[in-house]
Amino acid sequence: MQISEEQGNFLQIITATTGVRRALEIGTFTGYSSLCIARGLPSDGQLTCLDVSREWTDIARDFWRRAGVAGQIDLKIGPALESLKKLDDKDPIDLVFIDAAKEEYDAYFEAVLPRVRANGLILFDNMLWGGRLGRGPIEENSGRAIDALNKKLATDPRVESVLLTVADGIQMCRVK
Ligand SMILES: C[S@@+](CC[C@H](N)C(=O)[O-])C[C@H]1O[C@@H](n2cnc3c(N)ncnc32)[C@H](O)[C@@H]1O
């Protein structure tokens, strides 16, 4: 389920070059994407990770420790939409990476958008949906949700968006 290596490099580069200090990841799994984001942060930067699985994220914790970034990552276990309601709002977020339940992507977007600073970034994984979009009717709820979100983001006046064709597609939104 983890992102590809080139997506990992992209996340690390975009985090480092855009001066991200506060990042949020929704969907952590065994920790690869979070590790790439954490490696792009300055030494006082912070990453909050949301995931429902303690089993997968126990593996992530081990890799964060071995990579020396564990102190910069705050993991919250539970359904992401619940964790988002309880998130500390004191500092605006610079970058969000979304890679959890596809049917909930739009709800994650609406929950994080007011918390992201102007010119901050919201990134979504799997937005090409394996190349299956635009090829006739979409059966799966998750595919329909991604298709609808791509269409919404293309004209949403609150963000400027570009669908990057790296691996399974990263939709990158700049918050206005
Ligand atoms: C595709 S994997 C994430 C992969 C990760 N970004 C990486 O590159 O290694 C999706 C993750 O989202 C988590 N997840 C699924 N539904 C969720 C939900 N409603 N709330 C929080 N986490 C969820 C799963 O437990 C899983 O670890």
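Reader: How many bridges join strand β6 to strand β7, and do they run parallel or antiparallel?
Author: Six bridges join β6, residues 159-164, to β7, residues 170-175, and the two run antiparallel; strands here are DSSP runs of E with at least two residues, numbered from the N terminus, and two of them pair if DSSP finds at least two bridges between them. This is a predicted model, in which local features need pLDDT of at least 70 and side-chain atom pairs count only at pLDDT 80 or more, while totals for chains, interfaces and linings use all residues. Residues are numbered from 1 along each chain as its sequence is written, and side-chain values use heavy atoms, leaving out hydrogens and water.

Reader: Which residue is the bridge partner of V159 in β7?
Author: V159 is bridged to V175. In the hairpin of β6 and β7, with five residues between the strands, A167 takes a positive phi near 55 degrees.

Reader: Switching to the ligand, how many residues surround it?
Author: There are 19, with a heavy atom within 4 Å as the cut-off, and the closest are G27, S33, D51, A80 and D99.

Reader: What lies 2.8 Å from a nitrogen atom of the ligand?
Author: That is a polar side-chain atom of S33, and a backbone N or O atom of A80 lies 2.9 Å from a ligand nitrogen atom; a polar contact here is a pair of N or O atoms within 3.5 Å.

Technical notes:
Helices (H or I, at least four residues) and strands (E, at least two) are DSSP runs, numbered from the N terminus. A polar contact is a pair of N or O atoms within 3.5 Å; within protein, one must be able to donate a hydrogen and the other to accept it, and residues adjacent in sequence count only if both atoms are side-chain atoms.
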